[in-house]
Amino acid sequence: MPERKYRCPECGRTNLKVEVKLFARLIQKGPRRISCNIEPGDLEQQFYDRWGKYDPMECNDCGHANSAYTFETAYQEQERKRRTNV
Ligand SMILES: [Zn+2]
């Protein structure tokens with residue numbers, strides 16, 4: 001399996017963040033008092049692989065945001081080749 005690498009397609013930096021999906025503990029204190037809470041132990045178990053190629057990714061340096069796959073270096077290389085062959 002090829003190694004996945006990510007960088008910002010705008011500025012080329014690798015200081016990135018991605019939206020992740022997590023399970024949170026449901027807290028019900030009454031019909032109108034329903035909330036949820038994430039405990040530190042939950043995070044350690046849940047962070048692995050909780051996002052996919054279509055989830056939002058954002059560059060911390062320039063603010064560029066798009067689907068995660070557009071940040072993949074392999075995708076950017078493929079797009080560059082496609083543009084130069086047209
Ligand atoms: Zn950037």
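Three bridges join strand 4 to strand 5 (residues 65–67), and the two run antiparallel. Strands here are DSSP runs of E with at least two residues, numbered from the N terminus, and two strands pair if DSSP finds at least two bridges between them. Keep in mind that this is a predicted model, where local features need pLDDT of at least 70, side-chain atom pairs count only at pLDDT 80 or more, and totals for chains, interfaces and linings use all residues. Residues are numbered from 1 along each chain as its sequence is written.

Let's stay with strand 4. Together with strand 5 it forms a hairpin with five residues between them, and G63 in the turn has a positive phi of about 85 degrees. Strand 4 also pairs with strand 1 (residues 16–18), in the antiparallel sense and over three bridges.

Strand 4 (residues 56–59) has M57 and C59 on its covered face, with P56 and E58 on the uncovered one.

M57 and C59 also belong to the largest nonpolar core, along with C8, A68 and F71. Such a core is a set of buried Ala, Val, Leu, Ile, Met, Phe, Trp, Tyr and Cys residues joined through C-beta atoms within 7 Å; buried means that 20 or more other C-beta atoms lie within 10 Å of a residue's own, with C-beta atoms placed from the backbone.

Definitions and conventions. A residue is buried if 20 or more other C-beta atoms lie within 10 Å of its own, exposed if 12 or fewer, and partly exposed in between; C-beta atoms are placed from the backbone. Helices (H or I, at least four residues) and strands (E, at least two) are DSSP runs, numbered from the N terminus.
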